[in-house]
Every structure is written in C-alpha cells, then in structure tokens.
Amino acid sequence: MKNLLHVGCGPKSLAQTTPFFNSGEWQETRFDIDPAVKPDIVGSLTDMSALADASMDAVFSSHNIEHLFAHEVAVAIAEMRRVLRADGIVVITCPDLRSIAELITKDLLLEPAYSSPAGPISALDMLYGHRASIARGNTFMAHRCGFTLKALMGSLRQGGFESVAGTTLPERFELWAVGTRNLRSEEDMKALLKAQLMASI
C-alpha cells in the first residue's frame, strides 16, 4: 500500500479526496490542527514533526493552505516536501483569487456564487473564510492569505518541488496544482494533473 497524508482533512476521509487516491492502493493518514475532527495526527501544516522524513508517497491538501499567514506558506510547503519520499507527489487545491476578484469587480461580494453542503458561498466567504463557521466559533476556518495560479506554482517551485503543473477551474473558483520531488517530463506532469481533475469533477 502507498501512504497518503491527508493534511487539513477536517471531517473528511479518503473517500472525499479523489478517486485517484481511492484506487485501493492508498492508505490514508488524516492530519488536522482541530482535534474535534478526530484526525489520526493532530498538528499544524507548519509543524509535521510527528511524521518522519520521507514517510509518505503523497500529500493531499484541499482548501487549507489559504488558512496560513503568507509567511508560513514556505514553511508548510517545506514540511510537505520533507515527509515525501524521493518520488512523492503533492496535490494542492485552494481558492482562485483571480476568479473571485471577477465577482468583486461586478459588485457581487455578498451574493451566493455557488451552493455547498454548508450552504450558499459568497466571494467574501472564499476570500476570508466561511462566515457562518467562523461565527460559530470555528476560527480555524479563517483565511489569512490567497493565491493565483502563478503564485501557487511559484511557491511549490521555491519550496523545492522539481516539477509542477497546475490549472484554474473558474467555474469552481478553484486552483489545482501538483508537484513532485523528482524531475518529471512535462507530459508526465500534465497526465498527473489530468488524473486529479478527472477524479474530482
């Protein structure tokens, strides 16, 4: 079995990652800062010291890197890289500031942009964190930084990932990026990214 570290998992488990990781080949370790969601390991994206170096084959990070302060992003990416094996991969998704900004320029800051299991989501929620969750006291949901595709891929490269690929999903106001510790061809990276996207839609 390959080892998947699901960081910032919240209440979700392997079934809520992507079918790429639901192939029967992956064993999940759930990692989150909030003990209330009962992760396997309680910890911060900026401190994964509970995990050994090169102990994971993949890291899946969905909508949590934006909860960090900007200066913490490099630390978190370095931690993700540290726990990955030499041929390991990272998959990161987060809000897309460019598509959110388009809503704001249309003066649609508070109007529902889409519906989620948590209810209607506005541009303001995507920018600063889900207001209803924060109002209930879950301050872990606050957003402290944000990314465009260029910024996200640049952060991965600066963090030591040899190969990166990414794309925007404007209709979902999302960015998806993949990175590998080892050097891979552009074709391989596109295929790895496509596998994630096909699995997620």
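Below is a quick chat about the fold, the strands and the surface.

Me: What kind of model is this, and how are residues numbered?
Reply: This is a predicted model: local features need pLDDT of at least 70, side-chain atom pairs count only at pLDDT 80 or more, and totals for chains, interfaces and linings use all residues. Residues are numbered from 1 along each chain as its sequence is written, and side-chain values use heavy atoms, with hydrogens and water left out.

Me: How many helices and strands?
Reply: Six helices and nine strands. These are DSSP runs numbered from the N terminus: helices are H or I with at least four residues, strands E with at least two.

Me: Why call it as compact as a globular protein of that length?
Reply: Because its radius of gyration is 16 Å, close to the 17 Å from the globule rule for 201 residues. The radius is taken over C-alpha atoms, and the rule is 2.2 Å times the number of residues to the power 0.38.

Me: Strand 2, buried or exposed?
Reply: Six of its seven residues (26-32) are buried, so strand 2 is largely enclosed by the rest of the structure. Buried means under 20% relative accessible area (1.4 Å probe, protein chains only).

Me: Which strands does strand 2 pair with?
Reply: Strand 1 (residues 2-7) runs parallel to strand 2, joined by six bridges. Strand 3 (residues 41-42) also pairs with strand 2 in the parallel sense, over two bridges. Pairing takes at least two DSSP bridges.

Me: Which residues stand opposite each other there?
Reply: Leu5 faces Thr29 of strand 2. Phe31 is opposite Ile41 of strand 3.

Me: Overall, what share is buried?
Reply: 48% of the 201 residues.

Technical notes
Buried < 20%, exposed > 50% of the residue type's maximum accessible area, 1.4 Å probe, protein only.
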